[in-house]
Amino acid sequence: MLGCWGYRVGLGRKAQGDTKNDTWIFALAVLLGSTLVYNSMGTINQQAMDQLHYVTELTEHIKVTVAGGGGRQDSEEFVRFFPAFVWAVRDFTLQLELDGREISEDEYLENALKLKPGSTKETQLYNLPRKCIRQFFPARKCFIFVQPAGRRDLARLEDVREAELEPEFLEQVARFCRHVWETSQPKTIPGGHVVTGAMLGNLAVTYMDAIRSGAVPCVETAVLALAQTVNSAAVREAVAVYKKQLGQRAVLPTNTANELLELHAQCEREALRVFMARTLKDDDGRFQGELMHQLEEQKQDLCRRNDLASTERCTAAVKELSGELDDWIRQGLYAVPGGYRRFLEDQRQMVERYRQVPGKGIKANAVLQEFLQSKEAVGHSILQTDKVLTEKEKEMAAQRAQAKAAEREQQILQQEAKLQQKLKDQERSYQENLRQLEEKLEGDRKKLLEEQGKMVDQKLKEHKALLREGVREEAGRMVDEIRRLQQQSEEIQKPSWISSVLETVSEAAPFVLPGVIGGATGAAGRFISRLFR
């Protein structure tokens, strides 16, 4: 992501009547770009430095945190998200030499950025823009360009063909373009998160709204506003992925509750992967909690639809298979001696045919029991009219009644087992959330440590440069900054950096998954202690 700003975008135009515009344009280029190309004419001398006064005003036009008051404390954090700096010097006429030896373009820039020892006001004014460039832009590059054409062609450059331009100029442009395209990195925000096109648009609107209102653009505020939008979209996208996966995998009704819960777990796993890949700075776990809540609602809806599909299929099967039995009852076929035994046999055969029907789902027994209960009154009537029942048959009838009671008791036990399975699934869902969150936090910590390492290396390099230049007071302050960065790295490496976030999610789980209040919360505590003991 390239931020290319110079005189061509309005810097230094007096006709605009408001010099603050130049500073805001420069500040926006810094905030939104990953490579900042500053375009100037002639040479890098004191006049060029004076014209780049915008860099000295950045601390007054950019805040890193809401609590930060700007100034030096905020400026020390600028390097975390400021772009690489490329100074393009056009119409360069000097020889790249220093003390009689040939130097590179980068050496030319670094020589121009050297500080003067001393503490006079004149020295401070001389050093200020140079210190700001060195501090804010540790990654910097310089390119020089000769005039693109001869004097006669300069006035009509737009009409000059590329072949008519100066070969040296064309070679310099090619090197410049190659450097920009090969080294420019995607724009990132604090924390190492890569900015997408949509995110860049949201950041630009947030910064411009702040400028229009007269406030100072705050990176933390912009990132939090962006996180609100990104994380809300991440929740919606994750739920959409869950529904899509469910639509592709679900064949209702399922034969068992475990089969249904495994289907939910597979879809939930895919949804969590999408959410973790999209989420941005969900430090308090609010959006992950919202996702857990919505996926739980989706699961409950899935269970209702599965129950309904099973009930409808089983009811249709019972209606079809019991039609003949109902016809015989209406015809009085069982109103004869021995009719009760025949009725029971026909009903048994009908039940056997029902059990052989495939794909009935988890409501198969419930629908069958409802049908059999509806026939109890009819069976009792047939029994009363059966005058030839033997004592043995009566005893068998009593045994069947006992078996029926035992079957109902078994159904109650099965319902309790189903409830235990539901609680177990909620526990699994909770553990899966913790596991994926821990993996994401480990990745975030790695990115932060890489950032800290880069900053320490840059500060050490700058410290050595300051010592060579004799600016010992600045070098001493640089040592303090290096120590502070190293302390921050030690804090990030501590287990508590991750465990605090996991504990927050653990505390939020009972409100999202009520069944986890007892078992899952205790399991989360054991999981966290096992990770960090």
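Salt bridges number 30 in this predicted model, a salt bridge being a side-chain nitrogen of Lys or Arg within 4 Å of a carboxyl oxygen of Asp or Glu. Because the model is predicted, local features need pLDDT of at least 70 and side-chain atom pairs count only at pLDDT 80 or more, while totals for chains, interfaces and linings use all residues. Residues are numbered from 1 along each chain as its sequence is written, and side-chain values use heavy atoms, with hydrogens and water left out.

Three of these pairs are listed below.

| Salt bridge | Closest N and O atoms |
|---|---|
| Arg408 with Glu376 | 2.8 Å |
| Asp425 with Arg428 | 3.3 Å |
| Lys494 with Glu491 | 2.9 Å |

Helices (H or I, at least four residues) and strands (E, at least two) are DSSP runs, numbered from the N terminus. Asp425 and Arg428 both lie in α17, three residues apart, about one turn of the helix. These two are also linked with Glu268, Glu296 and Lys299 in a network of salt bridges.

Burial is given by relative accessible area: buried is under 20%, exposed over 50%, and partly exposed in between (1.4 Å probe, protein chains only). Asp425 is buried at 5%, whereas Arg428 is partly exposed at 26%. Arg408, at 30%, is partly exposed, and Glu376 is partly exposed at 33%.

Asp346, in helix α14 (residues 339–355), is buried but has no salt bridge. The nearest side chain of opposite charge is that of Arg342, 4.2 Å away; Lys and Arg count as positive and Asp and Glu as negative, with His and the chain ends not counted. Leaving aside neighbours within four places in sequence, Asp346 is in contact (heavy atoms within 4.5 Å) with Leu325, Trp328 and Tyr334.

A nonpolar core is a set of buried Ala, Val, Leu, Ile, Met, Phe, Trp, Tyr and Cys residues joined through side-chain atoms within 4.5 Å. The largest has 51 residues, and Leu58, Ile62 and Trp87 have the most contacts inside it. Helix α1 (residues 20–32) supplies the largest share of this core, eight residues. Not counting residues up to four places away in sequence, Leu58 touches Phe26, Ala27, Val30, Phe78, Phe82 and Phe136. Another core, of 25 residues, lies apart from it and includes Tyr242, Cys267, Phe287 and Leu437.
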